[in-house]
Amino acid sequence: MSTGAAVPRGTVDLEAAGRALNGGVAVVLPNPAPLTHVVTATTPQAVNEAKARPPGQAVALWAHHAETLRTVAAVTQLDAASAALARRLLAEEHLTLLLPLCTGAPRPVWLAPACRDDRVLLFGARWQPLRPLLDEHRVLYVSSANRTGLPPGATTAEALAMFPATVPVLRPPHRAGDPADDPAVSADGSARRATTTVAVHPDGRLTLHRHGAQDQPYPHPDDYLDHLRTRYAGAAPDGTQT
């Protein structure tokens with residue numbers, strides 16, 4: 001005889017997550033510390049529905065596929081050096097970037113959901129264990145793994161509690177002890193956060209658009225931007241470093 005108790009919800013493996021994505025369903029994916037989880041899908045509507053927000057709200061485009069990134073770069077105002085800087089910031093810093101778009105230039109239809117005010121929002125984190133899942137799709141939309149009004153899920157348990165059963169949550173595909181284990185804080189004691197968002201301007205200047213995990217260790221946002229300018233000076237034509 002049933003007791004009426006709720007059955008605990010479980011996570012899914014990569015194969016099940018892949019089937020969900022192929023079926024147009026949004027999936028919650030883990031990231032290594034210091035980042036929080038994200039929710040992704042092949043359509044922006046699925047991402048927004050999972051987050052319980054309006055279907056037409058802007059989302060980020062996941063910059064995980066080289067051909068997709070080349071297509072995006074071709075419709076931005078960035079010159080070759082600034083585009084190279086943007087690629088490095090996405091691949092090495094795992095930032096979310098705002099890039100300036102060419103006004104009036106034709107754009108792929110699939111780019112529109114990530115565009116607002118002639119800028120495109122790109123998400124750069126690409127954790128190695130997720131690549132078999134991500135590489136099947138040239139275009140994916142992504143956002144922080146939170147329901148409207150709530151902070152992003154820092155752990156698998158938080159994601160399972162936050163999202164309805166219609167949104168699968170991927171089991172962290174790693175060995176025990178890896179950096180993506182579930183504690184809500186990083187090894188250095190800092191809390192997990194969504195990615196920092198940096199705007200790359202047509203002249204290569206960098207400005208902070210939203211605080212996040214990457215700039216968290218720095219006393220002031222300008223300190224993090226100075227770090228970026230120093231580390232990527234060879235790719236940044238903003239005149240601040242030689």
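Colleague: Leaving aside neighbours within four places in sequence, what is threonine 36 in contact with?
Modeller: This is a predicted model. In it, threonine 36 is in contact with Asn31, Pro152, Gly153, Ala154, Arg192, Arg193 and Ala194. That list leaves out neighbours within four places in sequence.

Colleague: Where does threonine 36 lie?
Modeller: In the loop between S1 and S2.

Colleague: Is threonine 36 buried or exposed?
Modeller: Threonine 36 is buried. Its relative accessible area is 4%. Buried means under 20%, so threonine 36 qualifies.

Colleague: New topic. Which residues of helix H1 are buried?
Modeller: H1 spans residues 14-22. Its buried residues are Ala16, Ala17, Gly18, Ala20 and Leu21.

Colleague: And what covers the buried residues of H1?
Modeller: The cover includes strand S1 (27-29), strand S2 (38-41) and helix H5 (131-134).

Colleague: Let's move to H4 and H7. At what angle do their axes cross?
Modeller: Roughly 110°. H4 covers residues 80-93 and H7 covers residues 221-231. Their axes come within 12 Å.

Colleague: What do you call that arrangement of H4 and H7?
Modeller: Roughly perpendicular. H4 passes H7 in a right-handed crossing.

Colleague: Which residues meet there?
Modeller: From H4, Leu89, Glu92 and Glu93. From H7, Tyr224, His227, Leu228 and Arg231. By class, the contact has 3 nonpolar, 1 polar and 3 charged residues.

Colleague: On to the largest nonpolar core. Which of its 44 residues touch the most other members?
Modeller: Leu89, Leu97, Val120, Leu122 and Leu228. H4 gives the most to this core, with 5 residues.

Colleague: What is valine 120 in contact with, beyond four places in sequence?
Modeller: Val72, Leu97, Leu98, Leu99, Leu101, Leu111, Ala114 and Cys115.

Colleague: Which residues does the second, separate core include?
Modeller: Among its 19 residues are Ala17, Ala20, Leu133 and Ala213. Ala17 and Ala20 are also among the buried residues of H1.

Colleague: Last one. Where is the place of alanine 81?
Modeller: In helix H4. Alanine 81 is partly exposed, with a relative accessible area of 33%.

Colleague: How many residues apart are alanine 81 and glycine 204 in sequence?
Modeller: They are 123 residues apart in sequence. In space they are 7.9 Å apart, C-alpha to C-alpha.

Key
Residues numbered from 1 in each chain as written. Predicted model: local features only at pLDDT ≥ 70, side-chain atom pairs only at ≥ 80, totals over all residues. Heavy atoms only, no water. Axes fitted to C-alpha atoms, helices over the stretch in contact; angles between N-to-C directions. Helix = DSSP H or I, 4+ residues; strand = E, 2+ residues; numbered from the N terminus. Parallel < 35°, antiparallel > 145°, perpendicular 65-115°, else oblique. Left-handed = near helix turned anticlockwise from the far one by under 90°. Contact = heavy atoms within 4.5 Å. Nonpolar A, V, L, I, M, F, W, Y, C, P; charged D, E, K, R; others polar. Buried < 20%, exposed > 50% of the residue type's maximum accessible area, 1.4 Å probe, protein only. Core = buried A, V, L, I, M, F, W, Y, C linked by side-chain atoms within 4.5 Å.
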